[in-house]
Amino acid sequence: MNSMSMDKDDASSLLAVATNHPLEQFVLLAKGAKGSACAELIKQVLEAPGVHVFGELLEMPNIKELETGPYEKHFKTLNLFAYGTYKEFLENTSDYLELTPAQCKKLQHLTIATLATQEKCIPYSVLLKELDIKNVRDLEDLIIEAIYADIIHGKLDQECKRVEVDVALGRDARLEDAADIADVLAGWCNACEAVLTSVDRHIVRANNHKQRSIRHQQGIDQEILYIKKTLKAQAENDESATGGGSESHSAPKKNSGKGKIPRNSAKFWQKTT
């Protein structure tokens, strides 16, 4: 009962590993394989969908033992899938295993990934030559399959007859490629430093512009306040000036007429006497 339980647990664990890390199951199997079993394992891993890196398997001691001896072609073929291209296979077919259609297609997909690291817009003419494909229709079908397999992300430009690659699968790297990789990373770091320096300059420029704008707004606010005070004082002065003038220059009151004698009244009374 316990042994059955353990077997089921191991199978479940292996299935989980295979789902998350497709190569890992082959690495685990290679630990206990020797000779012909390792050779058969290589055929399986070259055929397996979703496995596109092989460096970890190449480092296994049991796999390295195949480098010389009756299974030399198996080791060379695995090495080809890790680092080589389809064109290299065609140039030296006698050095490698005979590939199945699925293995040929996988190697062609890996070749597209390699070309994508060299240029982001790959002309159809280059792909037709490197992949040994005779017509554009078959080439486009292969590229579409590579996109769906997450080998590359990009789009076909049928008008310009090229494929525009945004992102490509990272392949295994040889030890001798370390210097080139370091140069690329150093260039990337320098580019990042240049971008950061430019961003810092723009930040300083923006802050300076902000400070000038704040000072300008403060000047405008002070000017508005001064104008308001001036207008208020002027209005008060005008009001006080208008009030004083109306009191000092008021119209004189008319006399009631009492006590006044008409100018001709004396003559009038003299005639009657």
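Predicted model: local features only at pLDDT ≥ 70, side-chain atom pairs only at ≥ 80, totals over all residues.
**View 1. Gln103 and the residues around it.** Let's start in helix α8, residues 101-118, which is where Gln103 is found. Is Gln103 buried or exposed? With a relative accessible area of 5%, Gln103 is buried, because anything under 20% counts that way. Its side chain makes a 3.3 Å polar contact with the side chain of Glu47, and the Gln103 side chain also gets to the backbone oxygen of Lys43, at 3.5 Å. Leaving out residues up to four places away in sequence, Gln103 touches Lys43, Leu46, Glu47, Phe81 and Glu98.

View 2. The strands line up in the order β1-β3-β2, with antiparallel pairing. Out at the edges are β1 (121-123) and β2 (152-157); each has a single partner strand, so one side of each has no neighbour in the sheet. On average, neighbouring strands here are turned by 25° against each other, ignoring direction. How many bridges join β2 to β3? There are six, and β3 covers residues 162-168. Zoom in on Lys155 and you'll find its bridge partner in β3, Glu164. Helix α10 (residues 136-148) lies across β2 and β3, and runs at about 150° to β2.

View 3. Across the protein, pLDDT averages 82, and 81% of the residues score at least 70. Residues 1-19 stay under 50, with six contacts in the model beyond four places in sequence.

Key:
Residues numbered from 1 in each chain as written. Heavy atoms only, no water. Helix = DSSP H or I, 4+ residues; strand = E, 2+ residues; numbered from the N terminus. Buried < 20%, exposed > 50% of the residue type's maximum accessible area, 1.4 Å probe, protein only. Polar contact = N/O pair within 3.5 Å; in protein donor to acceptor, adjacent residues only side chain to side chain. Contact = heavy atoms within 4.5 Å. pLDDT = per-residue confidence, 0-100. Pairing = 2+ DSSP bridges. Axes fitted to C-alpha atoms, helices over the stretch in contact; angles between N-to-C directions.
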